[in-house]
Amino acid sequence: MMKFFFCTLLAAWLTSASGHQAAGDQHSSKLSPAKDMQTIVHVMKKQFDQPKSPLRVAPVVVEGDWALAGWLQGDRGGRALLQKRHGQWVIVVCAGDGLRQAAALVQTGMPNDVATALSKKLQTSESRLPADTLKKFASFEGMLRVDGDAGHGAPHGSHGAHPQNNSPR
């Protein structure tokens, strides 16, 4: 339940906070991947940093209108799959190691070529991380769809358990 709460809050925040972009940034082609990465980190940190438990967001990889972000907060961690919709980044899925695989990304509605490229980028970025960080990313159990679009992607019930201990709070 706490994991769902975190992802729902994060999705709501990303939807509202990314609206603060400059006018004219309504289309994904207007921002560079580096700017998108900065925006994703900024909105996640602004919402979820806590004085005694700061949120760390890294790595962030972007491919077109899709992004993957690893997050750590305290002894918890996971990954978030984001999609840019109407110029705003929204969380589509929260998960652990499942988001490393292109096949899982395709199940979320992502095109196969984008899923393959994003998966490779993530694996390359994560190859430089310490083992304990990867273990925390993997600790997020199951796959939680956050965007409410149950008509596409993974069928209901295929996302696994939702234990309460995965929330970053």
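Arg85 stands opposite Gln88 in strand S4. In this predicted model, that pair belongs to the contact between S4 and strand S3, which are joined by seven bridges and run antiparallel. Strand S3 covers residues 76-85 and includes Leu82. Strand S3 also pairs with strand S2 in the antiparallel sense, over eight bridges.

**Strand S3 and its burial**

- Strand S3 is mostly covered, as eight of its ten residues are buried.
- Leu82, a residue of S3, has a relative accessible area of 0%.
- Leu82 therefore counts as buried, because that term applies to values under 20%.
- The C-alpha atoms of Leu82 and Trp66 are separated by 5.7 Å, although these residues lie 16 residues apart along the chain.

**Pairing with strand S2**

- Strand S2 spans residues 66-73, and eight bridges link S2 to S3 in the antiparallel sense.
- Within this part of the structure, Leu72 stands opposite Gly77 of S3.
- The hairpin of S2 and S3 has two residues between the strands.
- In that hairpin, Gly74 takes a positive phi near 65°.

**Pairing with strand S4**

- Strand S4 is made up of residues 88-95, and its antiparallel pairing with S3 involves seven bridges.
- Two residues lie between the strands in the hairpin of S3 and S4.
- His86 takes a positive phi near 55° in the hairpin of S3 and S4.

Definitions and conventions
Residues numbered from 1 in each chain as written. Predicted model: local features only at pLDDT ≥ 70, side-chain atom pairs only at ≥ 80, totals over all residues. Heavy atoms only, no water. Helix = DSSP H or I, 4+ residues; strand = E, 2+ residues; numbered from the N terminus. Buried < 20%, exposed > 50% of the residue type's maximum accessible area, 1.4 Å probe, protein only. Pairing = 2+ DSSP bridges.
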